[in-house]
2 protein chains.
Amino acid sequence: MASKRITSLEVAQHAGVSRTTVSLVLNDVPGAQISERTRKRVIQVAEELGYVPVAAARALASQRTHVIGLILTRSPHHIASDAFLTQILDSLVETSHQNGMRLMIDIVEEMHHRDVYLDLTRARSIDGIIFSGPKFDDQALHALEEDGFPTVLMGQLPGASFYSVDIDNRAAAKLAVAHLIMLGHTRIACITNAPISYTASADRLQGYREAIESVGLQFDPRLVRYGNFDLESGYIQMKRLLELNPIPSAAFVASDVVAFGAMSAIRERGLSIPGDIALVGFDDVPFARYIDPPLTSVSLPAADLARVACNLLFELIQEGQPPERNLLLGTHLVVRKSCGAG
Amino acid sequence: MASKRITSLEVAQHAGVSRTTVSLVLNDVPGAQISERTRKRVIQVAEELGYVPVAAARALASQRTHVIGLILTRSPHHIASDAFLTQILDSLVETSHQNGMRLMIDIVEEMHHRDVYLDLTRARSIDGIIFSGPKFDDQALHALEEDGFPTVLMGQLPGASFYSVDIDNRAAAKLAVAHLIMLGHTRIACITNAPISYTASADRLQGYREAIESVGLQFDPRLVRYGNFDLESGYIQMKRLLELNPIPSAAFVASDVVAFGAMSAIRERGLSIPGDIALVGFDDVPFARYIDPPLTSVSLPAADLARVACNLLFELIQEGQPPERNLLLGTHLVVRKSCGAG
DNA sequence: TTGTAAGCGTTATCAC
DNA sequence: GTGATAACGCTTACAA
């Protein structure tokens, strides 16, 4: 504000070269060679003058904004990703910076009109999109798909042609339930993290079922309840499970937050964890280790997820052809006290 | 991608007017009159063609990016704001959209070199900045101040000329401690949310002190401990308080997260809340009502904070002179079970 | 190896 | 009321 803006022309003049050269040097253009002396000269002058190219001008000329957009949907899912939002943003911003990119964030209503994302792409505000928490029935997302705009999903949308990064929910759930089985439980309930229309939810339930059946146990629908992202849902669904006779001896709750709600229902009933009922959560939110008893949970590599998604997107933007279209990242179980001596 | 890009020229041609007219209509320029017929015509054609102005071109020509930047510092403070980040982002994005703006997010290392923010402003990537969690000793922030770039602080920086929005930490703390006093407590400890170099921390401690002294009680430094944003710090500091003889009968913990840590220290010692020691937290994070016992806490209007900050910034950008420079928003106490029958 | 010149798609300043 | 025309600051063929 105070000082007059420094343009590339000024840098050129001070360095005694043309604007082309300045641009070539500062953008490290792979082709064209510049003498080491000129290069150094330009860089030094630019530094001295505090020259920073104007983003809009650059974008207009090069057809690249050097900005990527993170799109979140304003949905119940939201609540669940809260715990990781900071990690994800952190990782996204850092990875972006490493690649000379910036991050723009947008939150859209679920089930909005078909054009929500297209406004972003048509305005050419961004070079690519990272979309968090896709749902089957999102029409706007399909519009985006047709548009062919560089997009990476954090999560999955089976049947869609999008690139995506996700955790292997099914394998993770199997891991968690196998842990309970190993401890001798045979009557294991499941509370999902969300309605079954969410892929993550369906996959975790499937993992639960496979784990159960893989040891010859019977899958019993009465032992399955559907959570809805929040504590309340866990509380309510666990209460219903406790009406069963006999009550389950263990439960796999596919979300820590939902599990916290379940825990308060168990406590309210005067039952003990893991004495009367063992519990395994999912997500390993920071709080999991501080609750009483500390919750055994599947740890979710949020930062890795974001980093991988980001790098995938950059490849896509640079017209690369990433080899893997749908990546699944591994998880591990963090054993604490909610299942008894493990 | 599929279809050729539609430019304002095409809209003009289809509507049988000039590009100027298109621009005038679409931007609703206050001066210049356009016949109602022409106006309708242009708007309709633009809609039909799916015309969206290219952001970069607009920015270059108008010197306005229609983007604001949210800057977070990658610091311990971070942990505390986690719980509200979603609410804040949500509110910020919504308010921005209402004003035709977008949100860019940046996370910078604490104590980075003097130019971190200037890169954003010099590149003219954004029209204004919302800065969350300022610290006294941030040199880069002072550089930003000198630069005179439109900036609004969420938080406070006494002595600085920045516009700011914050909660009234002192009043809020007084409220919380007054509640404990009203319940008959006279030996009330305090664990701060953070090191005292944070204004919020200092203000809350001051509120505690004023509440204590306003009823003729003695301020006792031995009853004051310093938390550090996280659960661990609450655990450690409460442990130290429990070594006192006699132990305090109540504690004001200036952060829910820190309070959760304190609770586990109390539990570990075999003491009961509120039986042996009453507790009031601060922030009213979502989890506060689900912990056992549900924590009485000062509720923090995160979304309002963000909305007000955003609107203030927009006024600033439009060269307005907001009447209030430093706004303080009110809070209220949410009474639950951690202080006994209230 | 470096310079010239033509865009990039708007907005804004004037005349008409 | 409306329409040329010049910025806006940079990138990038193409020449030199």
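**Exercise 1. Two helices in chain B**

Task: In the crossing of H10(B) and H11(B), is the hand left or right?

Solution: The crossing of these two helices is right-handed. Keep in mind as you look around that this is a predicted model.

Next, take the geometry. H10(B) covers residues 231-241 and H11(B) covers residues 256-268; their axes lie 6 Å apart, at an angle of about 45°. That angle makes H10(B) oblique to H11(B).

Now find the residues that meet. On the H10(B) side they include Leu231(B), Tyr235(B) and Met238(B), and on the H11(B) side they include Val257(B), Phe260(B) and Ile266(B). Sorted by class, the residues of this contact are 10 nonpolar, 4 polar and 2 charged.

**Exercise 2. A sheet with a helix on it**

Task: In what order do the 6 strands of the open sheet in chain B come, and which are the edge strands?

Solution: Start with the order, which is S7-S6-S8-S9-S10-S12, with mixed pairing. The edges are S7 (224-225) and S12 (332-334) of chain B, as each of them pairs on one side only.

Then zoom in on one pair. S6(B), residues 188-191, runs parallel to S7(B), and 2 bridges join them. Ile191(B) has Arg225(B) in S7(B) as its bridge partner.

Finally, bring back a helix from the first exercise. H11(B) packs on this sheet, where it touches S6, S8, S9 and S10 of chain B, and its direction makes about 150° with that of S9(B).

**Exercise 3. Around DNA strand D**

Task: How many residues surround DNA strand D, and which are the closest?

Solution: There are 28, and the closest are Thr7(A), Ser23(A), Ala57(A), Ala61(A) and Thr20(B). Among the elements giving two or more residues are H2 (19-26) and H4 (55-62) of both chain A and chain B. H4(A) gives the most, with 5 residues. To finish, sort the surface by class: 12 nonpolar, 12 polar and 4 charged residues.

Conventions:
Residues are numbered from 1 along each chain as its sequence is written. Chains are lettered from A and ligands numbered from 1 in the order in which they are written. This is a predicted model: local features need pLDDT of at least 70, side-chain atom pairs count only at pLDDT 80 or more; totals for chains, interfaces and linings use all residues. Axes are lines fitted to C-alpha atoms, for helices over the stretch in contact, and angles run from 0 to 180 degrees between N-to-C directions. Helices (H or I, at least four residues) and strands (E, at least two) are DSSP runs, numbered from the N terminus. Angles under 35 degrees count as roughly parallel, over 145 as roughly antiparallel, 65 to 115 as roughly perpendicular and the rest as oblique. A crossing is left-handed if the near helix is turned anticlockwise from the far one by less than a right angle, and right-handed if clockwise. Two residues are in contact if their C-beta atoms, placed from the backbone, lie within 7 Å. Ala, Val, Leu, Ile, Met, Phe, Trp, Tyr, Cys and Pro count as nonpolar, Asp, Glu, Lys and Arg as charged, and the others, Gly among them, as polar. A residue is near a molecule or strand if its C-beta atom, placed from the backbone, lies within 6 Å of it. Two strands pair if DSSP finds at least two bridges between them.
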